[in-house]
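Dear colleague,

My notes on its sheet, its helix packing and its charged pairs follow.

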Amino acid sequence: MPDEETVAAGAPAEFLSEVEEKADEVVRAAEALHLHGPAFQGADEGARHAFVGGGFFVYMVTPRSELVTIWQVTPDPLS
């Protein structure tokens, strides 16, 4: 699994702060939606995009593992 440096290398600190805030929201929503995560029987939703000030990030919720992974962060090159 990639580490923070691999995923976020060179991204502006302000943008990464936005990513962290939105990621916290994603985690809270996943916890509420999948109260019994390890017992989840459905298919994972696959990769999703979350847009924040200054760019976006790609993440996936894996309910059975009670895990939210961020695969990629992409700052807006024009910001």
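**Findings**

Helix H2, residues 13-33 of this predicted model, lies across strands E1, E2 and E3 and runs at about 155° to E3.

The three strands make up an open sheet, ordered E1-E2-E3, with antiparallel pairing. Strands E1 (48-52) and E3 (67-75) are at the edges and have a single partner strand each, so one side of each lacks a neighbour in the sheet. From one strand to the next, the twist averages 25°. Between E1 and E2 (residues 55-62), the antiparallel pairing extends over 5 bridges. Phe51 is positioned opposite Phe56 in E2.

Turning to the charged side chains, the structure contains 2 salt bridges. In one of them, the side chains of Glu25 and Lys22 meet at 3.6 Å, N to O. These two residues are 3 residues apart in helix H2, which means that about one helical turn separates them. Glu25 has a relative accessibility of 40% and therefore counts as partly exposed; Lys22, at 29%, also counts as partly exposed.

A salt bridge also joins the side chains of Arg48 and Glu45, at 3.4 Å, N to O. Arg48 counts as partly exposed because its relative accessibility is 42%, and Glu45 is likewise classed as partly exposed, at 44%.

With kind regards

How values were computed: Residues are numbered from 1 along each chain as its sequence is written. This is a predicted model: local features need pLDDT of at least 70, side-chain atom pairs count only at pLDDT 80 or more; totals for chains, interfaces and linings use all residues. Side-chain values use heavy atoms; hydrogens and water are left out. Two strands pair if DSSP finds at least two bridges between them. Helices (H or I, at least four residues) and strands (E, at least two) are DSSP runs, numbered from the N terminus. Axes are lines fitted to C-alpha atoms, for helices over the stretch in contact, and angles run from 0 to 180 degrees between N-to-C directions. Contact means heavy atoms within 4.5 Å. A salt bridge is a side-chain nitrogen of Lys or Arg within 4 Å of a carboxyl oxygen of Asp or Glu. Buried means under 20% relative accessible area, exposed over 50%, partly exposed in between (1.4 Å probe, protein chains only).
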